[in-house]
Amino acid sequence: MPDKRVRPRPMGAAEGSVVVNAPVSDVYQRWLAFEDYPKFITVIKRVQELDANHFVASLRFHGKRYETTLEMMLRVQDRKLAWRTIANGHAPTHLATGVVSFLPYRDRMTRITLKLTSSFGGAIARRVDKYLHNFKRLIERQIRESEDV
């Protein structure tokens, strides 16, 4: 009789970084705005906060819809955030973990480093680079708009 248990897919990993023209505290706070994730992490379509450390994310990846619970595992003010997907009472078929670090850079700039591990497949290194550059454009545009007011 065949084994019908759901098995997680193999994991892929990538790391990337980008320099953002904004101070560390602003960058860290913007990354904590989970409702903005669909604006820079293109596979996320919606995020709903359950409590301070848990969120439900609706994803669209390779033409399929997924819903997963994200757990914030680590918060170090203005320095680092780490999260993972967790099971919703059943074995998840897709897993992901992430760590994002914020390092002060010269002249009120910030170096963001994102490490992402995922079983969703695809070109994970390209996705990490895309997400970082999307975030950079988002935050730098918001800062310019706030300075124009």
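Strand 3 (54-61), strand 4 (64-76), strand 5 (80-86), strand 7 (109-118) and helix 3 (124-148) each supply at least two residues of the lining of the largest cavity, where helices (H or I, at least four residues) and strands (E, at least two) are DSSP runs numbered from the N terminus. A cavity is here a set of points, on a 1 Å grid over the protein atoms alone, where a 1.4 Å probe fits but cannot get out, and lining residues have an atom within 4 Å of a point. This is a predicted model, in which local features need pLDDT of at least 70 and side-chain atom pairs count only at pLDDT 80 or more, while totals for chains, interfaces and linings use all residues. Residues are numbered from 1 along each chain as its sequence is written, and side-chain values use heavy atoms, with hydrogens and water left out.

A search of the whole structure finds 1 cavity of 30 Å³ or more, and the largest cavity has a volume of about 360 Å³, a volume being the space filled by probe spheres set on the grid points, which are joined across faces, edges and corners. Its lining consists of 22 residues, of which Ile 41, Ile 44, Trp 83, Ala 96 and Leu 116 lie nearest the centre. Strand 3 gives the most to this lining, with 4 residues. By type, the lining residues divide into 18 nonpolar, 3 polar and 1 charged, counting Ala, Val, Leu, Ile, Met, Phe, Trp, Tyr, Cys and Pro as nonpolar, Asp, Glu, Lys and Arg as charged, and the others, Gly among them, as polar.

Helix 3, one of the elements that supply this lining, has 25 residues and reaches 36 Å from its first C-alpha to its last, close to the 36 Å expected at 1.5 Å a residue, the expected span being 1.5 Å times one less than the number of residues. Its buried residues (under 20% relative accessible area, with a 1.4 Å probe and protein chains only) include Tyr 131, Phe 135 and Leu 138. Among the elements that cover the buried residues of helix 3 are strand 1 (12-20), helix 1 and helix 2 (37-40).

In helix 1 (residues 24-31), the buried residues are Val 24, Val 27, Tyr 28 and Trp 31. They cover an arc of only 100° around the axis, which puts them on the same side of helix 1; the arc is that of the directions from the helix axis to the C-beta atoms.

In the loop between helix 1 and helix 2 lies Asp 36, which counts as buried because its relative accessibility is 8%. Leaving aside residues up to four places away in sequence, Asp 36 touches Arg 30 and Gln 142, a contact meaning heavy atoms within 4.5 Å.

Note on methods:
On a 1 Å grid over the protein atoms alone, a cavity is a set of points where a 1.4 Å probe fits but cannot get out, and a pocket is an open set with protein on both sides within 12 Å along at least five of seven lines; lining residues have an atom within 4 Å of a point. Buried means under 20% relative accessible area, exposed over 50%, partly exposed in between (1.4 Å probe, protein chains only).
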